Amino acid sequence: QADLARLTAGASNADIAAAQAAQAQAQAQIKAAEASQRNAQEQHDKTMQCFNVRKPDGSTEEVCPTLGTLEELSRYNLTAADESLAAAKRNETAAKARLAKVYSGATEEELDAVQARAAAAQAQVKQAQAQYNLLQAGPSQEQLAAADAAVAQAQAALGVLEAQAKKLVVHSPASGVVIARNVEQGEILAPGAVAYVIGQLDELELVVYLPEDRYGQVKLGQAAQVAVDSYPDQTFTGQVVHIADQAEFTPRNVQTVEGRRTMVFAVKLNLLNTEGKLKPGMPADVTFE
């Protein structure tokens, strides 16, 4: 609205005075540029002047010396003066056009453009006022019901996506260390296939075999000292948790034939392995207390 009022009111005295001052300044620049151009032309003419030289026989000859750098400088000054004069004339033309526009006022196209902007701004004001009135009145029951339905639908969709995401991640049933991996990346597993073997290595089970003449000397809960080759200066404490009630042949890992011929009883011990030093498959020696 302010732009429209300014255009319809026409130019002020200050606008006219500023345009007249700009035109006067442009005209003064033209006069200065014309003087500079005349001086440059005169200097160039003097630089390019030829001389009459008298010869020994009394005759004269016109000689035009090769000036080199001096000639180039004069040509440069003349070209610069011409360009300055042309620029001054362009500035004067523009100043005259601005002064004419100030006198004539706004064109129909400019008025139409400003009126269109004003109409668009008024429409935005009305739309904003209507939205504000709706907010002041509060939502209707139908709008609240539609919003509740949209929220419920979004929550249901989110639940479906979360369920699908959970199916894409395989979780181990227990914490531990991967002892064996039976699959490689990109393989397709059959239902029920074993992908990984997980070991809970913080507490290990050690099985030893006692001959019949030592069988009666061991009881449940009895402590024992365990030694392994990897740590010759350290012993680990175990506790008897199971004693077999039936004899069996010595397992095949016993190295002598005589040892495999004897009947033995299996005894299981539990070992705490909080530091992770003991590994499955380590051979061990047990000393019962």
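Analyst: A polar contact is a pair of N or O atoms within 3.5 Å. The model discussed here is predicted.

User: Which residue has its backbone oxygen 2.6 Å from a polar atom of the side chain of Gln222?

Analyst: Start with where Gln222 sits: the loop between helix H6 (212–215) and S6. A polar atom of the Gln222 side chain lies 2.6 Å from one backbone oxygen, that of Glu289.

User: Is Gln222 buried or exposed?

Analyst: Buried means under 20% relative accessible area. Gln222 has a relative accessible area of 9%, so Gln222 is buried.

User: Beyond four places in sequence, which phenylalanine is in contact with Leu269?

Analyst: Leaving aside neighbours within four places, its contacts include Leu204, Val208, Ala224 and Val240. The list also holds Val286 and the phenylalanine asked for, Phe288.

User: How far apart are the end C-alpha atoms of helix H4?

Analyst: H4 covers residues 108–137, which is 30 residues. At 1.5 Å a residue, H4 should span 44 Å. The distance in the model agrees with that: 43 Å.

User: Which residue just after H4 takes a positive phi?

Analyst: H4 ends at residue 137. Just after H4, the phi is about 90°, and the residue is Gly138.

Note on methods:
Residues numbered from 1 in each chain as written. Predicted model: local features only at pLDDT ≥ 70, side-chain atom pairs only at ≥ 80, totals over all residues. Heavy atoms only, no water. Contact = heavy atoms within 4.5 Å. Helix = DSSP H or I, 4+ residues; strand = E, 2+ residues; numbered from the N terminus. Buried < 20%, exposed > 50% of the residue type's maximum accessible area, 1.4 Å probe, protein only. Polar contact = N/O pair within 3.5 Å; in protein donor to acceptor, adjacent residues only side chain to side chain. Expected span 1.5 Å × (residues − 1).
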